[in-house]
Amino acid sequence: MPHDKYNAKRGTSFHIQDKQDTHELKKYINKCIICGCEGYSPIILENDFFNPASDANPPPYNHANRMFYRNRYIYDKLTSIFKKPLKLDNLGRCEDCGKLKDIGIF
Ligand SMILES: [Zn+2]
């Protein structure tokens, strides 16, 4: 990831821009290659991505903490769009499709 993404020219403005916004969000959307269902990546539920408990006492809103705000944005957005996380196996299948495949339906 280029480290100048949030460069000095923008000062303390590190808001995710619209285009970049979509790009950033997409990285955390999982899509099953068989049924096409979508959900957010379980990664965003991990505490080292964003810990909702830390939101009670958020860090100062500045450049140094941009990852906190970026991750919080992604977490909030994706958990509001999708009801639940979608875990994919190493072949890109959701759990349901993985099960069907294993018993020979696909
Ligand atoms: Zn599926």
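Among contacts in the protein chain between residues at least 6 apart in sequence, 65% link residues at least 24 apart. The model is predicted, and the average pLDDT of the protein chain is 84. Of its 106 residues, 8% count as buried.

**Secondary structure**
- The protein chain contains three helices and two strands.
- Read from the N terminus, the order of these elements is α-β-β-α-α.

**Confidence**
- A pLDDT of at least 70 is reached by 78% of the residues.
- Residues 1–14 have a pLDDT below 50, and this stretch makes seven contacts in the model beyond near neighbours in sequence.
- Where pLDDT is low, predicted coordinates should not be read in detail.

**Tyr-73 in helix 2**
- Tyr-73 lies in helix 2, which spans residues 66–81.
- Tyr-73 counts as partly exposed because it has 16 C-beta neighbours inside 10 Å, a count between the limits of 12 or fewer for exposed and 20 or more for buried.
- The C-alpha atom of Tyr-73 is separated by 9.6 Å from that of Asp-21, although the two residues are 52 residues apart along the chain.

**Glu-95 in helix 3**
- Glu-95 belongs to helix 3, formed by residues 95–102.
- Glu-95 is exposed because 12 other C-beta atoms lie within 10 Å, and a residue with 12 or fewer is classed as exposed.
- Between the C-alpha atoms of Glu-95 and Cys-32 the separation is 9.0 Å, while 63 residues separate the pair along the chain.

Methods: Residues are numbered from 1 along each chain as its sequence is written. This is a predicted model: local features need pLDDT of at least 70, side-chain atom pairs count only at pLDDT 80 or more; totals for chains, interfaces and linings use all residues. Helices (H or I, at least four residues) and strands (E, at least two) are DSSP runs, numbered from the N terminus. Two residues are in contact if their C-beta atoms, placed from the backbone, lie within 7 Å. pLDDT is the predictor's confidence in each residue, from 0 to 100.
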